[in-house]
Amino acid sequence: MTAVPNVADNVTTGLAPASDLVLLSTEDEQALRDSVRALLASRCTPDRVMAIFDGDDSLRQPLWTALAVDLGLAGLLVPEEAGGAGGSARDAAVVLTELGRVVAPVPFLSHSVVAATALLPSGDRELVAELASGAVTVALLTPLTASAGSFSAAVVGEDIGISGRVPVVAGALEAQLLLVPVRVADGVELHAVEADALGVTVAPVVSLDMTRQVADVALTGVASRVVVGADAGDSAVRRALLVGAALLASEQVGVAERCLEDTVAYLKQRRQFGRVLAGYQALKHRLADLYIEVESARAAAQYAAAAAATDDPDLPVAVEVAQAYCSAVAVHAAEECVQLHGGLGMTWEHPAHLYLKRAKADQLAFGSSGEHLARLAELVGLPPA
Amino acid sequence: MSDETQHRRDLERRVSVLLADHPPGSTDRLDFLRAQFDAGLAWVHFPQGLGGLGLAREHQAYVDALLQAAGAPDNDPWRIGIGLGMAAPTILAFGTEEQHQRFLRPLWTGEEVWCQLFSEPGAGSDLAALATRAFPDGDEWVVTGQKVWTSSAHLARFAILVARTDPTVPKHAGLTYFVCDMSDPGVEVRPLRQITGEAEFNEVFLSDVRIPDSYRIGAVGQGWKVANATLNNERVAIGGGAPREGGMIGVVADAWRNHPERRTPELHARLMSLWVEAEVARMTGQRLRQKLAVGAPGPEGAAMKVTFARIAQELSGLELELLGEDGLRFQDWTMTRPERVQFTGRDAGYRYLRAKGNSIEGGTSEILRNIVAERVLGLPAEARTDKDVPWKDLER
């Protein structure tokens, strides 16, 4: 009683083929995962993370120093000869999955992934080395919602300095240095600005996700120096946003897999009507469906990370697929986590809300689902009506 | 030189020798396939002497590519999928040396087609409740019962069969796994017509079919364990690999590309969501196959199959809507008995109807969700009132 798909029936198209990428973790990647997980287990506990929503910020700085400096993750994506760890996007994906699992309030994505990628074409070796060592925390001045496709520089150069407003920037509150895309006559330049320089306002936003708190940044006639010229600035920013989107998917997998694990564990011990909830078939099937989604998201995220690591020609498609899929899975997993924890999931004391807030904020990051699907439609030749 | 390169060099050499000794252009198809089997290039992950070289499964793709490039014939794998995907790995794992020698070579070359006699009218999802009885008679077994949903039964020389050899013990414990010779006079095959109008499957009636004990696979009473190995392989076979836009998504995407006049925003939104889901399913299958290359199939294949079925059903439904007026036309309701299953063949109406079977055949999606929940997530098993009761005392 079976049937198999007949590949001979496949219709061939002019579509670019997928690449054959390794979607399983290597031993080195597993070792990295273990060391990050061990550090987070002792340093980044749910009670400390939840305290951030009550204004207790004492976890942030020491945790970031431990990750960025002690584990050397600040410069994970920076080549060794430039002072970094010489890791790949696959390694960064491993780290992000772990950070997602505990909703860690650290600027790894904004600093080590986005800012580091944007700064790589720079000839300012000293600045790259400072970023890589973790001595200076850097943020690229783009809205968290900006995607590689939608980005346009909001800051302009004037005689008195650079000026403009950039809303909802992630990592700006933690940064000592802002990397500003500046619109000039012949393209986009990247300028470096001290976060406490005259004319810079970094206004904290009461954020949906306080563990990745965003800030509205205003620059008024700020003195700056060019670190990436107009010939390379635009592509550097777009590349950074593309890689950011590719790797955000791995954070979303971390959020989703942890929500699934915690929900499974809870339903195995929670008893109502004289039996554990995990024995009810209606709930078993929901969890099975969620498992299927999480494993699918894992494959999509790993494909995107592997494509980013080798700069594979399929990267643009991989990113749109991963974002369109993984964003929704993380949100679904967090929503199921709240629902299946019942009243407990609705309380301020239970960490489920951390995951829900992170998942929903992540869904808006690096472009909306509609933007991803529209871009994908272009890439694969399926034009809209 | 890396292991990988060394394997490839060695395989290239073996393929060259095969091609030199049996030039595809001037060699009879079956002679070539037999020679390929004897050269260990049939399924390289099988042991030496049984069509393989004891290598990792993934090397076969390289061999197939080399042979295809040289114009060599293939064994028409989609015609003999049950033999290749289910019977062969089970016989290899649980069969005797004599059984390996007797069955595997003509199975692989396609000289002997195989089918599967598992499901019964009264035992679908609850396969272990099956009622087909096998009675010992000297060094033979005498088998009587009714099987259903058997594809290729009318073409098959052999079947893998699960029958009840002991009704006095609980249902899982009283089963035994056999090879059944379909040319036995006690075997009657009747086509089973399905909602597409064709009869891809059969009902098989077994009346005092005689099976030599030498055709038993595994121990008496071990049939459930052996059958599970077959079923795990089945799920892997069904969730098999395809290129980007392979399968149903490719058909629907092309319908979109070829009919600009039928495009609407709502259809586009659904198409793009399904394109993403199909592509993610492809990546998930790819990841599963990378895992399989280093291990045996586990319950994860069940998850893959649930996804595959759901996407195929949604896509084939979307395609009919995308076709507008033409969606009302159906190619042909004439009863036929196809040799191959064509999920993506024929017309859109056929595809829509045939896809309904995807979430039923090879384990319903409901049962597969139980498998994922229980064997992957470790959730409590469904309450079983029949587990410790002798089969003969169960309500039927």
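Visitor: At what angle do helix 4 and helix 7 of chain A pack?
Guide: Helix 4 (residues 89-102) and helix 7 (residues 233-269) of chain A pack at about 35 degrees, their axes being 7 Å apart. Axes are lines fitted to C-alpha atoms over the stretch in contact, and angles between N-to-C directions run from 0 to 180 degrees. Helices are DSSP runs (H or I, at least four residues), as are strands (E, at least two), numbered from the N terminus.

Visitor: Where does all this come from?
Guide: This is a predicted model, where local features need pLDDT of at least 70 and side-chain atom pairs pLDDT 80 or more, while totals for chains, interfaces and linings use all residues. Residues are numbered from 1 along each chain, chains are lettered from A and ligands numbered from 1 as written, and side-chain values use heavy atoms, without hydrogens and water.

Visitor: Which residues make the helix 4 and helix 7 contact?
Guide: Among them are Leu96(A) and Arg101(A) of helix 4, and Leu247(A) and Glu257(A) of helix 7; contact means heavy atoms within 4.5 Å.

Visitor: How many salt bridges are there over all chains?
Guide: There are 57, each a side-chain nitrogen of Lys or Arg within 4 Å of a carboxyl oxygen of Asp or Glu.

Visitor: What does Arg351(B) form a salt bridge with?
Guide: Its partner is Glu319(B), with the closest N and O atoms 2.7 Å apart. Arg351(B) lies in helix 10 (residues 348-355) of chain B and Glu319(B) in helix 9 (residues 300-322) of chain B, so they tie together parts 32 residues apart in sequence.

Visitor: Are those two buried or exposed?
Guide: Both Arg351(B) and Glu319(B) are buried (under 20% relative accessible area; exposed is over 50%, partly exposed in between, with a 1.4 Å probe and protein chains only).
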